[in-house]
Amino acid sequence: LALTAIEEAWSNALPRVGSVSADRIGIYCGTSLSGTTELEEFYDHFLLTGKTNNLRRLFSGDFSKIIDTIAQQKKILGPRVIVSNACSSSTVVFKLAKADLESGKVDVAIVVGVDPLTTLSAGGFTALETLAKERPSPFSMGEFGLALGEGAGAIVLTRLSGGGKRGVCLSMVGVSADGYHPTAPDPSGQGTEKAMKQALVASNK
């Protein structure tokens, strides 16, 4: 999933990015369940057969495996960053990528968010009773709930050059941490408000 998204983003960005040294390109990945599919398949095989002969599948479940695979296939030698903090993972890596671009650590940042649909996620949200019984209806006053899926998205970020804009300008990203509950956000919305204000204030500087 991640590789497909990156291929599309990179091919679209290449005419604008031009030639960049491999050690000046960074990969920033946000995910909450990367590699879990491989771990589940390994565990299911062990339960059925009692054998652990496919250890490669176990090690491929490591969270860092996804960015290592991307870097190897794209021959990228710059920073590799992976963040896993549930639903906000991809937002946080935008902030980290922007910081590295502004500091001059990288010239190009490939930002990707990816998550597979797993038994773990399905079981977890079922236990939390947060799945919609019918079609989800966001922001409605009726029955609440969500529908699980899987997917990936990628974007290529560069610094502005020559005083002119190239494509979309990412002004600022705000992040915060509620520390309110293991699975639920603070119902007061203070954490969300803090992140939004942080982004708005920083973008006006």
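**Strands, helices and a pocket**

Guide: Let's start with a strand pair. Strand β1 (residues 25-30) runs parallel to β3, and 6 bridges join the two. Bear in mind that this is a predicted model.

Visitor: OK. Which residue in β3 stands opposite Gly26?
Guide: Ala109 in β3 does. Likewise, Tyr28 stands opposite Val111 in β3.

Visitor: And how do β3 and β4 pair?
Guide: They pair in the antiparallel sense, over 8 bridges. In β4, Val156 is the bridge partner of Ile110.

Visitor: What holds paired strands together, in general?
Guide: Strands of a sheet pair through backbone hydrogen bonds, either parallel or antiparallel.

Visitor: Zoom out a bit. What's the strand order in the sheet?
Guide: The order is β2-β1-β3-β4. The sheet is open, has 4 strands and shows mixed pairing. At its edges are β2 (80-83) and β4 (151-158), each pairing on one side only. From one strand to the next, the twist averages 15°.

Visitor: Is β3 enclosed or open to the outside, and why?
Guide: Largely enclosed by the rest of the structure, because 7 of its 8 residues are buried. For the protein, buried residues make up 26% of the 205 residues.

Visitor: Switching to helices. How many are there?
Guide: The protein has 7 helices, along with 4 strands. Along the sequence, the pattern reads α-β-α-α-α-β-α-β-α-β-α.

Visitor: Which strands does α4 lie across?
Guide: Helix α4 (residues 65-74) lies across β1, β2 and β3. It runs at about 150° to β2.

Visitor: What about α5?
Guide: α5 lies across β1, β2, β3 and β4, and runs at about 160° to β1.

Visitor: What's the lining like by class?
Guide: It has 21 nonpolar, 20 polar and 2 charged residues.

Visitor: Last one. Among contacts between residues at least 6 apart in sequence, how many join residues at least 24 apart?
Guide: In this protein, 71% of them do.

Terms used. Residues are numbered from 1 along each chain as its sequence is written. This is a predicted model: local features need pLDDT of at least 70, side-chain atom pairs count only at pLDDT 80 or more; totals for chains, interfaces and linings use all residues. Side-chain values use heavy atoms; hydrogens and water are left out. Ala, Val, Leu, Ile, Met, Phe, Trp, Tyr, Cys and Pro count as nonpolar, Asp, Glu, Lys and Arg as charged, and the others, Gly among them, as polar. Two strands pair if DSSP finds at least two bridges between them. Axes are lines fitted to C-alpha atoms, for helices over the stretch in contact, and angles run from 0 to 180 degrees between N-to-C directions. Contact means heavy atoms within 4.5 Å. Buried means under 20% relative accessible area, exposed over 50%, partly exposed in between (1.4 Å probe, protein chains only).
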